Amino acid sequence: MSAEFRVVPFEGLPDYTEDERQQRSRDFYSLMQRRRTIRDFSSAPVDRSIIENAIRTAGLAPSGANKQPWHFAVVSNPDVKTKIRQAAEIEEEEFYAGKAGEAWLKDLLPLGTDPQKPFLEIAPYLIVVFQQNYDIDLNTGEKIKHYYIQESVGLACGFLITALHNAGLATLTHTPSPMGFLRDLLGRPKHEKPVMIIVTGHPSDSASVPQEALNKKDLDVISTWFE
C-alpha cells in the first residue's frame, strides 16, 4: 500500500434504530413512488441554489477509482436553450421519420412523444450531463485514465434526478441522438461526451403523464432473492 494512502474513521451513517430504518425506507419509497417524467413545464423560476445543491449531491456518487468522470453544464440562458432546442429537433425529426425503427416508435406511441421539444426552452434549467472519457493533467498535459465511466456517470445521474425530486422539482431525461452538438454549443472539450439532458423545473398547470407511465414492475419481477 502506498505511504500516501490515508484513511479516516467512517462516520457516515446516523445511529438509527431498526424501527427508524424501516420507517425511513418506507418514507423514501413513498417519496420516489411519486416521481414521474413530465413534458409540460412551467417557466416559473427556480432558485439557483437548489440546482447547485442537487449537482453537489450528484457529485457524491461512487465512481471507478474515485475519478468522478462527469461534468454538468447548467443552462438557463434563453438564447442557448433556443439553440439547443433547434439542434435537438433536427435530430428528433430524423428519429421519428424512421431512424428509430418500427419497433422503437411503436413502443413510444403510448407515451405520446413527437419531434417537438418545447420544454427545452420553457423549463428554467437544462442540465447537460457529460461523461469524461479521460481527464487531462493541467500541469503536464498528460491523459489521466478513468474507469467504469458509463456506470459512474449513470450513478451520478440517478443521484441528480433523485435530489431534484426530493427538492420538489419535476424532471425529464432527454437524449437526442446523436448529441455531439451539445459539446460544440457548450464549448466542452473533445474528451467529454454528452450523455443526456436533464430538464428540470416546475410542472405546468396542464402537466399530465400517460397512464402507462404509472405501471412499474412488481418486486418479484425485478428481484431474485437467495436466502
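I started with strand E2 (residues 125-132) and found it mostly covered, with eight of its eight residues buried. Buried here is under 20% relative accessible area, exposed is over 50%, and partly exposed lies in between (1.4 Å probe, protein chains only). Helices (H or I, at least four residues) and strands (E, at least two) are DSSP runs, numbered from the N terminus.

Housekeeping: this is a predicted model, where local features need pLDDT of at least 70 and side-chain atom pairs count only at pLDDT 80 or more, while totals for chains, interfaces and linings use all residues. Residues are numbered from 1 along each chain as its sequence is written, and side-chain values use heavy atoms, leaving out hydrogens and water.

Next I checked the faces of E2. Tyr125, Ile127, Val129 and Gln131 are buried on one side, and Leu126, Val128, Phe130 and Gln132 on the other. In a regular strand, side chains alternate between the two faces of the sheet.

Then the neighbours (strands pair if DSSP finds at least two bridges between them). E1 (residues 70-75) runs antiparallel to E2, joined by six bridges; Trp70 has Gln131 as its bridge partner. E6 (residues 192-201) is also antiparallel to E2, with eight bridges, and Ile127 partners Ile198 there.

On to helix H2 (residues 48-58): I see Ile51, Ala54, Ile55 and Ala58 buried. They sit on the same side of H2, because they cover an arc of only 95° around the axis, taken from the directions from the helix axis to the C-beta atoms.

Last, Ile222, in helix H8 (residues 219-222), counts as exposed because its relative accessibility is 58%.
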